[in-house]
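Thanks for coming, everyone. Let me put the chain up on the screen, and then we will walk through it.

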Amino acid sequence: MVNYAVAPPPGVDTTRASVARVYDYYLGGKDHYEIDRKMAADLERAFPEVAHLARDNRHLLTRICRFIAYQTGIRQYIDCGSGLPTAENVHQIVQRADSTARVVYVDYDPVVTAHGLALLVENDFTDFIQADIYEPERILHHPTVDENINWNEPVAVLFLATLHHQTEDPDAPAAVTKAFIDRMPSGSYLAISHLLDPRDGSEDEQTVNKLLETVHNGPMRDVMARTRAQIRELFHDMEMVPSGPGKPAGIVHSVDWWPDGPMLRERTIAQQIMVAGVARKP
C-alpha cells in the first residue's frame, strides 16, 4: 500500500479531515494526515471508545460478508462509502468463497480513489469508482458498475457507517436506498449500519450527544443519528434477516448481529450507539 503522507495525490485536501482517513487511523492504518489525527484526537476526547466503534463496524462488515458469500450464493457486491483499503476488505472476504466474485467499491474521497485504483493491479475482479453515494443514479449507471454488475442477477449492496454522514436533507438516505432497491433484482441483499439516536436505547445519552457535537463543530462531514424505526425505513419493503439464532428480524446493535460468540464482557458505550440490519428483496 502506498503511503501518501509525504506526497498526497492530486485533488486531496490535506487541510480538511476525511471520514475515510480518520477511520483508517482508528483501524491502525497509515494513510492519514495531521488534520485527520487531530480530528481523531478530538473525537476521542469527547468519546474515548470511538476507536472501538470503528473496529466493531469492521467486524460487522466481516460477519455480513461471510453470511452473504457463503449462505446466499451472491457473487457480486457494491460497497458504498468503502473508505480506505485496510485489513479484511469486502473482496478479500467474499473471494474466499468464490475467487471470481466481483466487487465494486464506491467512495467520494480522492485519496480513497488512489488506493482503489491500486486494487485493480492485484485483483481482476475488483474495481473502484469515485462517486458520492448521495448521487445514486451516477453510481447505478456508471460504466464501471455496468461492466462488473449483472443487474439480472442478485447483488449485495453495503452501506456500513455511511448513511448517517448527511444532515442537509434528512430524507436523502431513504431516497438513496430506494434508488438502489428499485434497481436490485429479486434475491438481492442490502446491509446498513447506522448511528443510533441516543434517545432510542442509549444508556449514556450525554456522552453520545457530546460526540455528535464534536463532529458537528469539526472539519469532517457532519452526522445525523436516527432511531431504529427511522433506520428500518431505509430498507423500505425489503424482508429483514433474523439477527441471530432464534432472534427476530429487525434493527439491532451491531455487535448483536450474528456475533461470533456470546458477549462475555459488559457492553461498551460504543456498542450501544451503532445498530445494523440486513434485508433481502423478495
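First, a term. Buried means under 20% relative accessible area, exposed means over 50%, and partly exposed is in between, with a 1.4 Å probe and protein chains only. With that in hand, take Met 238. Its relative accessibility is 3%, so Met 238 counts as buried.

Some ground rules. This is a predicted model, so local features need pLDDT of at least 70 and side-chain atom pairs count only at pLDDT 80 or more, while totals for chains, interfaces and linings use all residues. Residues are numbered from 1 along each chain as its sequence is written, and side-chain values use heavy atoms, with hydrogens and water left out.

Now the overview. Of the 282 residues of the protein chain, 56% count as buried. The chain has 11 helices and 8 strands. Those are DSSP runs, numbered from the N terminus: helices are H or I with at least four residues, strands are E with at least two. Contact here means heavy atoms within 4.5 Å. Take the contacts between residues at least 6 apart in sequence: 71% of them join residues at least 24 apart.

Back to Met 238. It sits in the loop between α10 and β6. What does Met 238 touch, leaving aside neighbours within four places in sequence? The list includes Ile 181, Met 184, Tyr 189 and Leu 190. It also includes Ala 279, Arg 280, Lys 281 and Pro 282. For Pro 282, the C-alpha to C-alpha distance from Met 238 is 6.7 Å, across 44 residues of sequence.

In that loop there is also His 236. The loop runs between α10 (228-233) and β6 (239-240). His 236 is not a glycine, yet its phi is positive, about 55 degrees. At 26% relative accessibility, His 236 is partly exposed.

Another positive phi: Trp 258, near 40 degrees, and again a residue other than glycine. Trp 258 lies in the loop between β7 (252-253) and α11 (270-273). Its relative accessibility is 36%, so Trp 258 counts as partly exposed.

Next, helix packing. Two packed helices are described by the angle between their axes and the distance between the axes. Axes are lines fitted to C-alpha atoms, for helices over the stretch in contact, and angles run from 0 to 180 degrees between N-to-C directions. How do α1 and α2 pack? Helix α1, residues 19-26, meets α2 at an angle of about 70 degrees, and the axes are 9 Å apart. So α1 is roughly perpendicular to α2. The cut-offs: under 35 degrees is roughly parallel, over 145 roughly antiparallel, 65 to 115 roughly perpendicular, and the rest oblique.

Who makes the contact? From α1, Arg 21, Val 22, Tyr 25 and Tyr 26. From α2, the residues include Ile 35, Met 39, Ala 40 and Leu 43. By class, the α1 and α2 contact has 7 nonpolar, no polar and 4 charged residues. Ala, Val, Leu, Ile, Met, Phe, Trp, Tyr, Cys and Pro count as nonpolar, Asp, Glu, Lys and Arg as charged, and the others, Gly among them, as polar.

On to charge pairs. Side chains of opposite charge can pair when their charged atoms come close. A salt bridge is a side-chain nitrogen of Lys or Arg within 4 Å of a carboxyl oxygen of Asp or Glu. How many salt bridges does the structure hold? There are 11.

Stay with α2. Arg 37 and Glu 34 form a salt bridge, 3.5 Å from N to O. Both lie in α2, residues 34-46, 3 residues apart, about one turn of the helix. Arg 37 is partly exposed at 30% relative accessibility, whereas Glu 34 is exposed at 55%.

Asp 42 and Arg 45 form another salt bridge, at 2.2 Å from N to O. This pair is also in α2, 3 residues apart, about one turn of the helix. Arg 45 is exposed, at 59%.

There is a network too: salt bridges link Arg 21, Asp 36 and Asp 109.

Last pair. Asp 98 and Arg 75 form a salt bridge, with the closest N and O atoms 3.0 Å apart. Asp 98 is in the loop between α4 (90-97) and β2 (102-107), and Arg 75 in the loop between α3 (50-72) and β1 (76-80), so the pair ties together parts that are 23 residues apart in sequence. Both are partly exposed: Asp 98 at 22%, Arg 75 at 28%.
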